[in-house]
Amino acid sequence: MKFGYKFSNLLGTIYRNGNLVFTPDGNSVISPVGNRITLYDLKNNKSRTLSLESRYNYTNIALSPDGSLLIAINEKGNAQLISMVSCTVIHRHKFQTGVQCVNFSPDGSYFAVARENLVLIFSAPGEITGEYNPFVLRRSFLGGYDDITWLDWSSDSKLLAIGCRDSSTKICAVKYTRNFRTYNLSGHTDAIVSCFFEANSLHINTVSRNGQLCLWECSMEPSDLLEADGTEAVPPQRKRKPISKQNGSDAENESEDDVENDVEKTAVEGDVNEVKDESVKKTHPFFYKKLGRHYLANEPRKEKRDALLTAANYNRQTKILVVAFSTGAFYLYELPDVNMIHSLSISDYPISTALFNCTGDWVALASREIGQLLVWEWQSEQYIMKQQGHSSEMTCIAYSPDGQYIATGGEDSKVKLWNTQSSFCFVTFSEHTSGVTAVQFSRNKKFLVSSSLDGTVRAFDIIRYRNFRTFTSPTPAQFACVAVDYSGELVVAGGQDIFEIFLWSIKTGKLLEVISGHEGPVTSVAFSPVSTSSTLISGSWDKTVKIWNCLESNSEHETIDALSDVTCVTFSPSGEEVAVATLAGNITIFDVKTATQVTTIEGRADLGSGRLETDVVTAKKNAQSNYFSTIEYSADGECVLAAGKSANICIYHVREAILLKKFQITQNYSLDGLNEFISRKHLSEFGNMALVEQREELEGGNVAIRLPGVRKGDMSSRRFQPEVRVFSVRFSPTGQAFAAAGTEGLCIYALDKGVVFDPFDLSLEVTPKATHEALKKLEYTKALVMALKLNEPNLVTLVLERVPHRDIELLCGDLSPDFAQRLLQHLSRLLQSSPHIEFYLQWCCCLLTSHGYHDGVFQQTALLGLHESISRKYEMLNKICDYNKYTIRVLLDRAEKQKELQELSGVNADAENEDSDDDMILIRSRDDEHLKREFNDESEEDTDDMAEESDSS
C-alpha cells in the first residue's frame, strides 16, 4: 500500500471570515476558509482548496485585475503573495498589526493596504509596473482619526477613497497633482461601511453603518487632473523623527520585512496634495458637493428596529448598489435615483460581506455566523450556488460504497451529503432535533442511516432525498453509534444513557430485539463486512468488547476483556479481525473466531498533545491522557488509520505494529491546543492572563475559564476559541484517498500519483527505450508488460492506444493475473479523463471476461475504482446528451416556424439565399420529419439504453 497522501480538498466548511473576491471573468468566487483559501468554479460546478495554508485565519484577500496574483492577509498581519497560476506562495510579508482591508488598483499598478488609520500603497509586481520585488512601498499617509474600514480606487487608478470608522471619507491622490487637493467628506453620523467611485468619473457614493447613503458630485472630471512633471518642483515634505519605542524587546522581535519598510516604524510622511491655507481652499477648483442623502435602513427597520447595515457593494457598469443588513436581508438599488429594484431575505443572521461580479448579474453573499455562502442571480431570481457547512462541529463521516459521496453529521442536528467530484453539498437532511453521533451507508448505496442524541435512528433515501424510516426504542434513549448489516436489512444502534443495543428491520421498521449485556454506555458497533456472516461487535465503557450473532436470540455473546474503556471498534475488510481503540491510548487487534489477541499498537506517544490557553497542566502531562477516538482499516486490511484529540493522524501497520506515517491536519494557531508552551507575552506577575477573570460590575461576563468537564470547547465562554481535534477518519473504498473530519472541516487527502516512481518486478532489460522498440516491432504484449513493470502512467497510456482494437482480446488473454490487476487500475484512471470511451471500455470488457472468473485476480479496490469511473463518465455523457437533444429540438422547432412564416409572407427563393444570420439556423433536408420524430418526447429511451450498456460494461 502507498502512503504518499497529500492534502487534496476541504469540504464541509464554505466560508469562515473575511471578504470575497470574484475572478476577472466573473465565473469563480474565492473565499477564505479559516487558514485556507477555496476557489468555487460556478460555471463548472466544482470547488478546490489550495494546498497552501497560513498559521492564522485569513481576514483579507485581494486579486489582481489579470487574476494572476492573490494577496492574502491573516488576522496577525502576515501577508502572503500567492501565484494563482502555480498556486504557491511567492513572498511573505509581516505587517506590524492586523490589516482592515487591501485592494488592487484597476490598472494593476498598485495595491493599497489599510492598517489601523494608516494607508500604505505598494507597487504591484509584474509586467505592468516592471517591478518584480514584492511589497515595494510607494506612498503612505493617514486616513483619518479612527480605523479605516474601506478602500476604493478611481477608474484611472489616480485617486483613492478611504472610508473610516470616524464617519469621514478622505480622497487622496497617489501622485502629486497640481489642481488637486486632499479632500475630506463628512456628513455621516455613523461609521463608514463602504465608499465607491463612479465609472470614469470622480463622483462618489458613501454608505454608513446606520443605513445612510450620500451622493457626492465632484467639480472636476478625471481628464482635468494634471499630474506634476518630473521637472516641476514638488512641495517640500516635512521630515518627522521616528517614533521611539518604549520597550527594547520589541526591536528584537522585528522581522526582516519590517526592517525594509521604514515607514511602518516611523511617522507618516506628509501628504503633498494637502492644502492647509484656508484662503486657498475657498478658491480651489477641486471640491465636492452633496447631491442628496437617502436612508436605506428604513425598510429593514420596519421588521427589526435596531437593524444595522453590515455590507455594501457597487457595480460601476450597471450603477446598481447592494446593501446587506444584520437582519439577513439584502436590497438592490439603482443609482443615482436610488430606486429599490430587488430585495431578498436569505437567513436570520447578519450578512458579513456582499460582492458583485464584473457584469453585475451575480451577487455573492456570505454570513460568518452560520458559514453560509450563496451566489444570487437577481434578474432571474435564482441561486447560482447556495452552500452552507455545519454551523457547529462535524462529528461523524461515512463514504458511500463507490466512493462518490460522503455523508457528514454534525452537532447542529443535520446530515449532509457531499459529492467528492464537485466538492459541493447537494442535499441536507434536517429531521433530527439533536446532535448526530454516527452515519453509515448501505451496501447498495440506496439509503443511509444516522443515529442521534434525540433518541431516534433515521433512514434516508438517497435517490428521492427523504426520511423513509424512523426507528425508536421502547424507552427514550440517546444513541451513540449505528451500523447496517451487509444485506441492508438490519440496522443496530447502541445506547449512551441506556446500556443496551437495539436491532430493527429496515423493511418493516419494527424493533426486532433488545440486546442486553453491557454495563456501560455502548460507544461503537460494527457488522461484519462479509456477506455470509451476521456477526456484530460492540464496544463499551465497561472495558469489554462483545461478539454477537444477530440471527440467534437470547442475547448469546462472547466477551473480550479490553482492560480499558473502549472508544471505537472496527472490522477488517476480510471480517476475520477486529481493531479496538481504548482509553489507554492503545489499539488492540483481536481474532473474531478465536477471540484471542493478535497484536497491540502503543500509539499514545504518536498522537502528541498541545496545551490549551486555560490549562493549568503542561502539554507533556496532557499527552499522558490522550487516546484514539476513531480508527478505520485501510481498503486492503494491512493498515489502520487512527486519530483523536490532537492535530495528528497516524497510519499503523497491523502486523508489524509500527507507525508508518503521521499527518498533521492543520497548522492553524487560531485554534486552541496547538501550542506546547504558553507564550511569554501572555504571562504576567499574576501568572497566565487567560486564567485571570475579567468580570464586569453587574454581571459575571468576560470569563475565559472553562467549565469543569467540558470536552469540546466551552460555548458559554464570552471568547470562544475552538479546540483542534479529529472527530472521525474514513478510508475511501478505492483506497486512493481518506477523509478526516476535524475542527476546521472535512479534509480530503489523496494519493499523489505524479511524484513517486514505483516499479513492479523490475529487471535491467526493462527500460522505456526497450518498450518503444517493442512497439516499433509490433510486439504489443511485450511492450505492455514492460510498461506495467515500469508503472509509468504516460508510457502505459501510449502502449494501450497503440494496440489495434482487434487485438485487444488476444492481449488480455496473454496477460498474467498480476499484470491484469495492475492494468485494470490504469484503465479505471484513464476512463476518467480520456475521450476514447469505447476503446477503453472494450479493454475493460475483454480484461474482465478473460480473468474475471478466477478468484482473487481483481481486488475490490480496483473494481470499485472502475465502477466509480464509469459512473462519473455516464453522468457526464448523460448531461451532454440531454443538452444536445434539447438543443436540436429547439433548432428544429425554430426552423419549422421560420418555414411557416416564409410560406405565409410569400418570400421567393432569391430572398431565401440572402446572407442573413437569422436565416442560417439549420440546413434543412428531406429528413427533417424523421429527425423530429427521433427527438420527440416519446423517444427518451436512449438515455436508459445507454445506462444499461454502461452498467453491463
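Contact here means heavy atoms within 4.5 Å. Helices (H or I, at least four residues) and strands (E, at least two) are DSSP runs, numbered from the N terminus. The model is predicted, with local features needing pLDDT of at least 70, side-chain atom pairs counting only at pLDDT 80 or more, and totals for chains, interfaces and linings using all residues. Residues are numbered from 1 along each chain as its sequence is written, and side-chain values use heavy atoms, leaving out hydrogens and water.

**Exercise 1. Work out how enclosed helix α7 is, and which helices its buried residues pack against.**

Step 1: take buried as under 20% relative accessible area, exposed as over 50%, and partly exposed as in between (1.4 Å probe, protein chains only).

Step 2: go along α7 (residues 780–790) and you'll find eight of its 11 residues buried, so the helix is largely enclosed by the rest of the structure. Among them are Tyr-780, Leu-784 and Leu-788.

Step 3: look for the partners. The buried residues of α7 pack against α6 (768–776), α8 (793–802), α9 (808–814), α10 (817–833) and α11 (837–851).

Step 4: check what comes next: Asn-791 follows α7 and has a positive phi, near 60 degrees.

**Exercise 2. Decide how the rings of Tyr-5 and Phe-663 are arranged.**

Step 1: pair rings of Phe, Tyr and Trp (its six-membered ring) if their centres lie within 6.5 Å; planes under 30 degrees apart are stacked, over 60 edge-to-face, the rest tilted. That gives 35 aromatic pairs.

Step 2: for Tyr-5 and Phe-663 the centres are 6.4 Å apart and the planes at 75 degrees, so call the pair edge-to-face.

Step 3: Tyr-5 is in strand β1 (residues 5–11) and Phe-663 in strand β53 (residues 658–664), 658 residues apart.

Step 4: check burial. Tyr-5 is buried at 4% relative accessible area, and Phe-663 is buried at 7%.
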